[in-house]
Amino acid sequence: MAVDKQQRRWSALGGFAIALLVVLLARVWFLQAVTKEETDRIIDRVQSRVVKLIPERGRIFDVNGRVVADNKRVLVATIDRRIIDDPQDRLEMFQRLSGPLNTPIERLYTRADDKRYDQLTEMPLAFDISEEQAAFLMERIEDYPGVVIKEDWRRIYQYGAVGSHVLGFLGAIQPGSAEYYKSLGYDPNERVGLYGVELTYEVDLRGIPGYVRYEVDAVGRIKRVIERVEAQAGRDLQLSIDFRLQQFAEQALESQLVVRQRNEAPQVMLPEGIPDPQYEEVNYYKAPAGSVVVMNHNTGEVVAMASYPRFDSRWFTANVDAEKFAEVFPLTDDPDRSILVNRAVSGRYNLGSSFKPFVAYAALNTGQLPGGASYTFDDRGTYKLESIPKDRCDQGVKCVFRNAVCRSTGAPCQYGEVDVEAALAVSSDTFFYKIGEQILTERGYRAVLEEEVRRFGFGSPTNIDLPFEYAGTIPNAAYKKYLASLGVIAEDAGRAYYVGDNVLFSIGQGLLSASPLQVANAYSALGNNGTLHEPRVVRAVLTPGTRNKAAGLADLQTASVITPVTEKAPSTIIPLPPEVRDPIVSGLRRVITGPGVTFDYYHKTTGENLFRNYSGITIAGKTGTAQGFNNLPWNDSSAFGAFSLDAGSPYSAFAYLEKAGYGATAAAPVVKCIFLALSKQWRVDELIPADPLDTASAIAAPTARLRNPMCLVSATAESRG
Amino acid sequence: MSIAFRVRSRPSDPRGSASVLDPWRNVDWMMLWAVGALAVIGVFNIYATTSPRLVLRGADPFYFTQRQVLFVFAAVVALGAVMFFGHDWLRSIAVWLYAATTFSLFILLLWGRASSETKLSFDLGVIAVQPAEVMKPVLVLVLAAWFADAGMRTMPYDEFIRALLIAGAPFLLIALQPDLGSAMTIAAGVFGVLLIAGTQRRHFVFITILATLSFMASIWSGVVRDYQLERFTALWNQNNTSDRSLQNLVLQVRYAKRAVAAGGYFGKGYLQGELTNGRFIPVQSTDFPFSAIGEQFGLVGAFIVVGLFSFILLRVWIIGRNANSPFGRFLAAGVFATLAWQVFQNIGMTIGITPVSGLPLPFVSYGGSHLVAWAVMIGLVQSVEMRRSA
């Protein structure tokens with residue numbers, strides 16, 4: 001009995017063990033026999049190593065085929081992050097790699113933790129290593145497990161800072177666009193265009209990556225190539241920009257800003273005629289920034305687009321550390337100092353009188369001026385609103401608007417009887433105040449002025465192929481309400497759209513804002529008899545692999561076009577009958593050539609002095625002085641727009657110089673120089689490759705000056721408007 | 001009732017010098033060959049799992065392999081000594097061994113608490129000794145001796161309780177280290193001895209309830225630390241990668257499983273396992289040797305290893321069943337249950353069916369303490385067989 005019981009217990013113990021072993025064997029069998037295939041698929045990646053082949057990025061040429069963005073083949077050493085997971089292993093690997101890569105250990109450590117490089121893929125050890133270094137590492141792969149040498153490309157911007165705002169730069173994918181690029185099949189650590197056409201044409205420029213699949217053994221040695229799929233280079237771009245003119249425009253702009261910084265602004269006078277003691281006696285113009293846009297108004301192509309301050313795109317490919325980068329491009333809240341902004345498309349500016357041609361258009365096109373071109377108005381320096389009752393005016397509502405002060409009298413200028421042509425030529429404000437009031441009050445307070453100027457593209461983006469375009473604003477009830485809701489203007493002020501708002505609107509002040517590109521495009525529409533193009537900086541997208549016909553010069557004849565970008569750009573027609581266009585054009589022509597008007601004495605037009613000896617392409621233009629903070633003279637920004645009347649040279653240009661003075665003194669000379677250059681009457685420097693970037697310096701871009709700045713010089717008199 | 005497959009199958013040596021009573025005639029060489037085969041597999045496996053990382057560090061790739069070979073020699077010496085002196089002699093000093101090992105566990109626990117680290121071993125410079133491993137043969141020995149001395153066919157309640165107290169002290173000390181894997185293995189050994197020593201069924205019910213209650217109490221009282229609970233949680237969430245605290249454990253098991261699965265039927269070949277290079281699976285040479293075997297030698301290799309263990313278990317079972325002294329039977333039962341459980345637990349955690357614990361695979365894992373401890377256990381069983389006619 002007892003023996004039997006013990007036998008039973010032995011059987012139980014044995015059975016228990018058998019059960020455990022059967023469970024084990026069943027599970028092992030299941031793993032190895034049943035789930036093997038699925039596991040193999042996962043393991044395959046471990047067994048074979050895939051190295052991505054990065055395609056050559058599309059090159060960028062200027063309008064004449066100059067290679068302005070090129071590529072250089074480089075070798076990059078990377079390491080599998082799993083190898084350096086363990087701090088001890090990391091230290092040993094870095095110690096071993098530091099010598100052959102000629103890179104300090106500290107830098108390797110910084111790079112390992114640098115957030116710019118994806119933490120899940122390989123860590124870049126060194127960029128642009130030599131063939132010898134690569135061979136050294138590959139021959140000793142047992143000593144350098146996980147190290148992979150990759151072929152990569154480095155972007156070369158031949159001409160340094162020239163056109164950098166248009167070209168843009170490359171960088172790591174930003175968090176906000178990570179999902180987008182992932183959906184396009186990008187690697188998380190790929191470099192993409194972050195600015196300029198590098199951004200807008202990113203998908204064209206990128207190309208299609210290839211890969212090499214290697215078979216590797218357990219230690220990670222490459223045994224053979226299983227498969228190699230070559231990368232396909234990206235598409236090339238032909239810009240509409242002429243980089244030689246671009247360089248000239250940048251030189252003219254920067255030279256003029258520097259000149260303006262050495263000029264004193266007028267003093268603020270008290271009514272008694274003495275300088276206001278609360279301000280410094282001498283105030284120089286700050287002239288911190290500016291931009292110029294030159295367009296071909298027949299095609300809508302941008303020929304040159306300069307923005308100051310400039311930067312050298314090569315800073316973004318120099319692999320400088322974050323600290324150095326912050327030194328060159330300091331984070332700043334001061335809009336005057338921001339560098340990485342293309343002011344030509346992102347600038348938000350008051351236009352001042354340079355907006356008047358479009359108000360004149362509104363008045364003529366809607367029949368607001370009885371008799372059109374022959375209508376005259378007696379300008380006595382002030383305009384009193386007719387629609388506001390006297391008692392309201394006495395309560396403090398602003399009812400009287402004045403012309404700018406004439407230096408000879410110290411009082412608002414008086415121009416006498418002026419028609420629309422003369423009003424544009426001498427920039428009479430009162431003439432336009434009246435339009436501003438009556439176009440609103442006589443038309444049932446409808447936004448007629450807004451509707452008319454919108455035809456020229458104000459208030460909406462031009463849809464240029466550059467990022468971060470500013471759409472501009474047009475003063476109206478909705479916009480005022482919106483600003484009040486943001487707390488930008490007082491709630492009272494935001495309640496309704498007043499006559500005073502429309503009056504300020506009519507001389508390009510108040511809540512009107514636009515980008516220089518928008519204005520240039522609007523002047524273009526005047527220049528080409530009423531076609532509003534969508535501007536473009538890229539003329540065509542070309543098939544990959546355009547050949548060079550000389551060093552740095554692409555053979556555009558043999559290139560084939562994939563997308564004719566500017567040809568396909570849409571445009572709209574603005575009704576511009578001769579009876580509307582002619583008075584405006586002849587008014588703008590008189591700005592350049594004179595004559596002015598005589599009332600008491602001869603009043604010059606705003607551009608007469610500057611253009612006295614001008615012998616370039618026949619142009620018409622308009623100055624503008626936009627008042628800045630507190631209407632202080634040194635905060636005046638300068639604007640000048642012009643278009644050619646010569647069908648052989650269909651160019652329009654607009655310049656805007658921030659806090660640089662009157663339109664005629666600061667912006668107009670820049671445009672004058674550009675038209676002289678376009679007329680081949682002024683020396684334009686050859687475009688030569690830039691000096692190597694000095695990464696030891698902290699200068700975003702080298703200086704660019706006109707070799708002969710005399711085109712900027714005008715006769716003495718300054719007149720406001 | 002008799003079993004046809006007798007352990008002692010060799011006829012008397014015709015040259016006939018040895019006495020019938022010579023214990024060395026009765027050595028179970030088959031079992032020793034199986035154990036030896038596992039030890040050799042273990043040594044080769046340790047080279048495969050440790051050398052790539054040593055190469056990476058620029059150290060001697062044979063460092064751990066050489067040490068393991070030395071451990072194997074030490075284990076052979078221990079095995080020979082136990083077989084020579086016999087289990088009865090060890091029975092006479094069992095109490096002292098028990099006292100010394102329990103004391104060292106206690107010291108280790110105090111030391112661990114004082115340094116607020118988890119201390120599992122005494123570091124003696126050249127080697128580190130794990131008292132928990134030593135406790136396995138000692139406890140089997142002392143419990144078997146206890147019940148053999150009592151000499152009862154069915155166990156009365158007071159004997160049962162005393163046995164529980166004897167086993168409970170080291171169990172608690174090891175559980176508090178905390179080394180729940182070893183504690184479980186010790187419990188399995190105790191269970192084996194108790195079962196064969198004639199514990200009554202209701203006492204088993206009682207001990208099961210007690211164990212369940214104390215387990216729950218330990219979770220509530222916080223004796224079981226968070227990371228140990230996580231090991232259970234990880235077992236039930238093997239496909240969960242979002243929980244960061246579980247990620248390491250889950251990944252560890254996932255790589256181990258993947259390594260086993262990657263082997264397929266015939267494996268990738270020795271040193272050809274991509275995952276068997278010490279980079280993906282932490283502590284592969286001690287805790288996950290089976291993953292390396294599975295990847296390199298496939299289902300065939302895995303079945304051979306499990307088969308060798310099964311064979312050893314079978315021999316231990318037969319020896320225990322046929323032993324003519326209660327002490328011998330109890331010893332064999334304890335060793336049998338300990339071995340079966342430890343093999344199950346270690347391979348089980350590699351293939352994702354038991355919680356992860358730092359428990360070595362007998363004879364195969366890297367480590368001196370467990371090799372010597374298992375040599376002693378095998379020696380005890382051998383001694384039972386050798387001296388069965390005494």
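From the N terminus on, the elements of chain B run α-α-α-β-β-α-α-α-α-α-α-α-α-α, which comes to 12 helices and two strands. Helices here are DSSP runs of H or I with at least four residues, strands are runs of E with at least two, and both are numbered from the N terminus. Keep in mind that this is a predicted model: local features need pLDDT of at least 70, side-chain atom pairs count only at pLDDT 80 or more, and totals for chains, interfaces and linings use all residues. Residues are numbered from 1 along each chain as its sequence is written, chains are lettered from A and ligands numbered from 1 in the order in which they are written, and side-chain values use heavy atoms, with hydrogens and water left out.

**Chain B as a whole**

- Chain B has 390 residues, and 54% of them count as buried. "Buried" means under 20% relative accessible area, "exposed" means over 50%, and "partly exposed" is what lies in between (1.4 Å probe, protein chains only).
- The accessible surface of chain B comes to about 17000 Å², with 67% of that belonging to carbon and sulfur atoms. Such areas come from the Shrake-Rupley method with a 1.4 Å probe, and for residues only the protein chains shown count as cover.
- Take the contacts in chain B with a separation of 6 or more: 72% of them are between residues 24 or more positions apart. A contact means heavy atoms within 4.5 Å.

- The size of an interface is often given as the accessible area lost when the parts come together.
- Chain A and chain B bury about 4400 Å² between them, and 68% of it is on carbon and sulfur atoms. That figure is the accessible area (1.4 Å probe) that the two parts lose on being put together, summed over both.
- In chain A, the residues that lose the most area to chain B are A:R9, A:W10 and A:Q32, together 18% of what that side buries.
- The contact takes 42 residues from chain A and 62 residues from chain B.
- What holds hands across the interface? The rule finds eight residue pairs in polar contact, both at pLDDT 80 or more. A polar contact is a pair of N or O atoms within 3.5 Å; within protein, one must be able to donate a hydrogen and the other to accept it, and residues adjacent in sequence count only if both atoms are side-chain atoms.
- On the side of chain A that touches chain B, the elements giving two or more residues are α1, α2 (36–47) and α3 (87–101) of chain A. The biggest giver is α1(A), with 21 residues.
- Salt bridges between chain A and chain B number zero. A salt bridge is a side-chain nitrogen of Lys or Arg within 4 Å of a carboxyl oxygen of Asp or Glu.

**A closer look at A:Q6**

- A:Q6 lies in helix α1 of chain A.
- Leaving out residues up to four places away in sequence, A:Q6 touches B:I196, B:R329 and B:F330.
- The A:Q6 side chain reaches the backbone oxygen of B:I196 at 3.1 Å, and makes a polar contact with the side chain of B:R329 at 3.0 Å.

- A:W29, A:F30, A:V34, B:Y265, B:F266, B:V300, B:F303 and B:I304 make a nonpolar surface patch of about 800 Å². Patches are made of residues with over 30% relative accessible area and no salt bridge; like charges are joined within 9 Å, and nonpolar side chains (Val, Leu, Ile, Met, Phe, Trp, Tyr) within 5 Å.
- Two helices each supply at least two of the patch residues: α1 (2–34) of chain A and α10 (289–322) of chain B.
- B:Y265 sits in the loop between α9 (244–263) and α10 of chain B. B:Y265 counts as partly exposed because its relative accessibility is 44%.

**Salt bridges**

- The whole structure holds 43 salt bridges over all chains.
- The side chains of A:R57 and A:E202 form one of them (2.9 Å, N to O). This pair links distant parts of the chain, 145 residues apart: A:R57 is in the loop between β1 (48–53) and β2 (60–61) of chain A, and A:E202 is in helix α9 (residues 202–206) of chain A.
- A:R57 counts as buried because its relative accessibility is 9%, and A:E202 is buried too, at 2%.
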